[in-house]
Amino acid sequence: GVLRPIVPSALLYLNILDLWTKRKETHVLNGSQRKWSDAELIDLGFHKCVIGIPGRPLPIMVPNPQATSQKDAYRLEAIEDEHHPIIIWSKRPYAEVMGMLYRLLPTPSMLPLYYETLQLLQVENERRIQFYIGKHGSGKSFLGRLVGDLLDPEGPITINCADRDLNELLFETVLDVGANPDLYSKINDRLKAGTLNQASVNAIKDVVGNAYTEKDGFPYVNFERVGATSLQGVEDEDGMVHTEAIFNGAKTSEVVDVLLQVSQIEGLGKEASFMPIKTQLGLIPRVWQDGRVVHLEEYNKCKEGSDTCLHPVLQVFNGENMKCRVYGSGGMNFSFDNRERGPAFFCYLDGNMQADGVATHTLSASANDRILPNIIQDMIQDDWQHRWCQMLTGMPIKILYESKRDQWEADPESFTKFCHMIRGLGGVSVPDAHRHYID
């Protein structure tokens with residue numbers, strides 16, 4: 001069965017949404033970005049997933065013209081438009097994507113924003129950025145995670161921007177270990193042998209952050225990690241994987257100063273006479289090269305003013321400019337060029353409301369103009385019901401039921417079968433408790 005066709009009120013609402021999306025595309029590249037054929041995308045390992053058509057409808061909240069109060073101001077409808085479907089190209093198999101699209105639907109009040117985001121994910125859309133602001137627990141981080149999960153089996157690359165200098169996302173200053181490996185290897189040899197002065201050990205541990213670790217059961221400093229950001233895959237209880245940015249937390253210049261002092265204590269002055277540093281690409285250029293989804297969490301809690309460095313980059317992400325070049329120290333530079341962008345690249349940002357606390361600050365007018373933040377409204381009763389349904393059954397039963405209430409009331413057994421099919425779509429393991437509550 002299919003959901004009942006979209007009604008005139010829903011069409012009107014979607015036209016408004018389309019106008020809003022077009023507002024976000026006022027600066028377009030006139031087709032200058034890279035275009036991909038279906039065959040090229042398939043060769044790159046992508047799978048075509050079509051939604052919002054008969055048989056694969058997309059539930060959405062639309063204004064209710066018969067509303068009598070705020071409680072029934074909106075109602076659920078279904079997008080079924082075979083002429084203008086939403087097409088998502090993903091590196092996940094088709095069944096996995098469709099299962100996630102239905103099982104992980106956001107709360108009813110977020111469905112209009114979800115629809116807009118899905119539109120932006122289409123490969124032909126030149127705007128590759130979306131920004132949501134909301135209260136804690138409003139679902140903004142959930143949506144960022146979902147965007148990355150839909151497009152890649154390894155999920156989004158998540159970067160927590162709170163209290164961070166965003167310049168570090170473009171370029172990192174690190175130790176040039178390869179230029180003088182003797183000093184670093186001798187320090188680690190003495191750490192392993194237990195002959196390094198304890199004062200030296202403490203001084204190194206205090207400044208190198210998570211570069212101080214163990215190797216084969218012995219203390220070890222991974223000097224190549226100093227000042228760098230690494231990526232770590234994290235698997236949740238449902239087997240879903242996302243990639244977190246792990247910041248080293250060390251200041252390279254401070255590490256150099258400490259190593260110079262340690263070298264004097266340890267008699268390594270000759271080895272420490274040449275200890276160069278270098279600049280390497282930060283996470284955002286690397287994600288751009290890989291064509292992944294980058295999720296910038298707590299964006300408006302970054303070190304105030306440090307987001308200025310990203311303004312020209314955002315102008316490329318939003319389609320305003322075709323390309324830009326950013327510069328680091330030591331002659332390092334990188335070009336963001338929409339003609340070289342990967343088909344699955346997308347930048348999702350989330351932030352907190354101004355009332356969240358002093359750490360949350362207002363972005364500049366120019367930044368807001370480029371990323372056009374969407375405000376997530378307070379949760380309504382239907383949103384809480386939605387979350388309870390997902391907790392008990394692993395899927396948004398209420399949304400799916402209300403979208404086609406007449407059909408499901410006439411044939412309750414078919415609705416149960418439909419729910420079991422959706423819950424296991426993509427080969428996911430279904431807990432017995434979820435099967436029980438679906439029945």
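**Notebook: helices, sheet and cores of a predicted model**

I began at helix α9, residues 283–290, where L283, I284, P285, V287 and W288 are buried. For this I took buried as under 20% relative accessible area, exposed as over 50% and partly exposed as in between, with a 1.4 Å probe and protein chains only. Helices (H or I, at least four residues) and strands (E, at least two) are DSSP runs, numbered from the N terminus. After α9 comes G291, and I noted its positive phi, near 70 degrees.

I recorded the basis of the entries: this is a predicted model, in which local features need pLDDT of at least 70 and side-chain atom pairs count only at pLDDT 80 or more, while totals for chains, interfaces and linings use all residues. Residues are numbered from 1 along each chain as its sequence is written, and side-chain values use heavy atoms, with hydrogens and water left out.

**Confidence**

I looked up pLDDT, the predictor's confidence in each residue, from 0 to 100. The protein averages 85, and 90% of the residues score at least 70. Residues 1–16 stay under 50, and the model has 44 contacts for them beyond four places in sequence. Residues 19–31 are also below 50, with 28 contacts beyond near neighbours in sequence. A contact here means heavy atoms within 4.5 Å.

**The sheet**

I traced an open sheet of seven strands with mixed pairing, in the order β10-β11-β6-β13-β16-β5-β17. β10 (229–235) and β17 (374–375) stand at the edges; each has a single partner strand, so one side of each lacks a neighbour in the sheet. Helix α4 (residues 111–121) packs on this sheet, touching β5 (129–134), β16 and β17, and its direction makes about 160 degrees with that of β5. Axes are lines fitted to C-alpha atoms, for helices over the stretch in contact, and angles run from 0 to 180 degrees between N-to-C directions.

Within the sheet, I found β13 (residues 293–297) and β16 (residues 346–352) paired in the parallel sense over four bridges. Strands pair if DSSP finds at least two bridges between them. L296 has L349 of β16 as its bridge partner. Helix α5 (residues 140–151) lies across β5, β11 (241–247), β13 and β16, at about 170 degrees to β16.

**A hairpin**

I then examined β8 (residues 212–215) and β9 (residues 218–221), which pair in the antiparallel sense over four bridges. E214 has P219 in β9 as its bridge partner. Two residues lie between the strands of this hairpin, and D216 takes a positive phi near 55 degrees.

**Cores and cysteines**

I looked for nonpolar cores, which are sets of buried Ala, Val, Leu, Ile, Met, Phe, Trp, Tyr and Cys residues joined through side-chain atoms within 4.5 Å. The largest has 50 residues, of which L101, L111, Y114, L118 and L150 touch the most other members. Its largest share, seven residues, comes from α4. Beyond four places in sequence, Y114 touches L58, L101, L105, P106, Y132, L143, L146 and L150. A second, separate core of 37 residues includes F131, C324, A367 and I371.

A search for disulfides (cysteine sulfur atoms within 2.5 Å) returned zero in the whole structure. C347 is in none, and the nearest cysteine sulfur, that of C161, is 8.7 Å away. C347 is buried, with a relative accessible area of 1%.

**A loop residue**

Finally, I located S329 in the loop between β14 (323–327) and β15 (333–337). S329 is partly exposed, with a relative accessible area of 44%. The C-alpha atoms of S329 and K278 are 8.3 Å apart, although 51 residues separate the two along the chain.
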